[in-house]
Amino acid sequence: MHIAEGYLPPLHAAAWTVVAAPFVVHGARAVVRRVREDPDTTLLLAAAGAFTFVLSALKIPSVTGSSSHPTGTGLGAVLFRPPVMALLGTVVLFFQAVLLAHGGLTTLGANAFSMAIAGPWIAYGAYVLVRRLGGSLGPAVFAAAFLGDLTTYTITSAQLALAFPDPTSGVGGAFVTFASIFSITQIPLAVAEGLLTVLVVRLLVRITPDELRRLGVLRPGRGATPAAQDPQKEAST
Amino acid sequence: MSRSTVTNVLLAVAVLALFAIPVLFVPGEYAGSDGQAGEAIEATGYQPWFTPVWEPPSGEIESGIFAMQAAAGAGVLGYCIGVARTRRRAQLAREADAPRT
């Protein structure tokens, strides 16, 4: 999903930067507010940022015979809501643009929009929807990470299609071309990211239940400090 | 092993299988999709108008920096999980002791 440096025409690059900037600024304020108001969850915030950092560094093979990388933004979007990921995701993209020539500064706005804004928001929407429909935490987290990952790549395809419409089939035809490069490769990776995110959340439920309850991920009461009721049972698991 | 642990192991195995199966059974060059999209753009005759401010001088250096990115992330993630786990254990121990005092 990294659109390379200089690969978006100046007008498109500027437009996406203008679109993404307010989200990132709002995200930065959301991070500061969260750390100030609830310092105990800072550890989880760091974990969510680190998760994105790891996953977006890994180029992973896919069944299409090409490779791509997951985004890792679903976890943070579920735990801390999407604005926080707008900042964390953009930091990752900036690091890769400057030190790895992967993505770019001119395309930072477009890439931030797909990976740090659209992906997390769709992920969060999917999570809320599954929970509202009565789904438990696992399926909701899977849906979030899977759709967040896939959305990022679909948005990248759309951004490139808008910038490089096919001379005969137009924007639609170009979208099919780019989506067939990105999205098909991405499906198995999105499944893997979904499963991995579920695994991490299961781990966090075990070791940080109080923080997750405060973040609204675990419902109050449900599994509430089982230790207080039955310390032996909890300690033995 | 508890049922929860079995589920976790199965999840981890499924993730690894999703990575390994393509490499083992699907022939291909495994080029990056970002690069393929770049080629598709160049095929339209487009010339990039801006070049990266700095590029890793070789593929080896580049993969090294990628490895550093992953290592930094994994290190922080592991540290956070370790701290949270210790904190939780201490909390459970306190709660277990409380009724007796």
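Arg87(B) is partly exposed, with a relative accessible area of 40%. In this predicted model, its side chain meets that of Glu211(A) in a salt bridge, with N and O 3.6 Å apart. Glu211(A) counts as buried, at 12% relative accessibility.

- Across the interface of chain B and chain A, the rule finds 1 salt bridge.
- Over all chains, the structure holds 5 salt bridges.

**The wider interface**

- On the chain B side, 58 residues are in contact with 67 residues of chain A.
- The size of an interface is often given as the accessible area lost when the parts come together.
- Here the area buried between chain B and chain A is about 5400 Å², and carbon and sulfur atoms give 71% of that area.
- Polar contacts between chain B and chain A come to 18 residue pairs, with both residues at pLDDT 80 or more.
- Four elements of chain B give two or more residues to the side that touches chain A: helix H1 (3-25), strand E1 (31-32), helix H2 (33-42) and helix H3 (59-97).
- The most comes from H3(B), which gives 21 residues to the side of chain B that touches chain A.
- By residue type, the side of chain B that touches chain A divides into 36 nonpolar, 13 polar and 9 charged residues.

**A charged network in chain A**

- Side chains of opposite charge can pair when their charged atoms come close.
- Asp38(A) forms a salt bridge with Arg214(A), and the closest N and O atoms of the two are 3.1 Å apart.
- Arg214(A) sits in helix H8 (residues 209-214) of chain A, while Asp38(A) sits in the loop between helix H1 (10-37) and helix H2 (42-55) of chain A, so the pair ties together parts that are 176 residues apart in sequence.
- The side chain of Asp38(A) also meets that of Arg34(A) in a salt bridge, at 3.8 Å from N to O.
- As for accessibility, Asp38(A) is buried, with a relative accessible area of 15%, whereas Arg34(A) counts as partly exposed at 24% and Arg214(A) as partly exposed at 46%.
- Through shared partners, salt bridges join Arg34(A), Asp38(A), Asp40(A) and Arg214(A) into one network.

**The nonpolar cores**

- The largest nonpolar core has 42 residues, and those touching the most other members are Leu79(A), Phe80(A) and Tyr127(A).
- Setting aside neighbours within four places in sequence, Tyr127(A) is in contact with Val78(A), Leu137(A), Ala140(A), Val141(A), Ala144(A), Gly216(A) and Val217(A).
- A second core of 35 residues is separate, and its members include Trp16(A), Leu108(A) and Ala112(A) from chain A together with Ile65(B) from chain B.

Methods
Residues are numbered from 1 along each chain as its sequence is written. Chains are lettered from A and ligands numbered from 1 in the order in which they are written. This is a predicted model: local features need pLDDT of at least 70, side-chain atom pairs count only at pLDDT 80 or more; totals for chains, interfaces and linings use all residues. Side-chain values use heavy atoms; hydrogens and water are left out. A nonpolar core is a set of buried Ala, Val, Leu, Ile, Met, Phe, Trp, Tyr and Cys residues joined through side-chain atoms within 4.5 Å. Buried means under 20% relative accessible area, exposed over 50%, partly exposed in between (1.4 Å probe, protein chains only). Contact means heavy atoms within 4.5 Å. Buried area is the accessible area (1.4 Å probe) that two parts lose on being put together, summed over both. A salt bridge is a side-chain nitrogen of Lys or Arg within 4 Å of a carboxyl oxygen of Asp or Glu. A polar contact is a pair of N or O atoms within 3.5 Å; within protein, one must be able to donate a hydrogen and the other to accept it, and residues adjacent in sequence count only if both atoms are side-chain atoms. Ala, Val, Leu, Ile, Met, Phe, Trp, Tyr, Cys and Pro count as nonpolar, Asp, Glu, Lys and Arg as charged, and the others, Gly among them, as polar.
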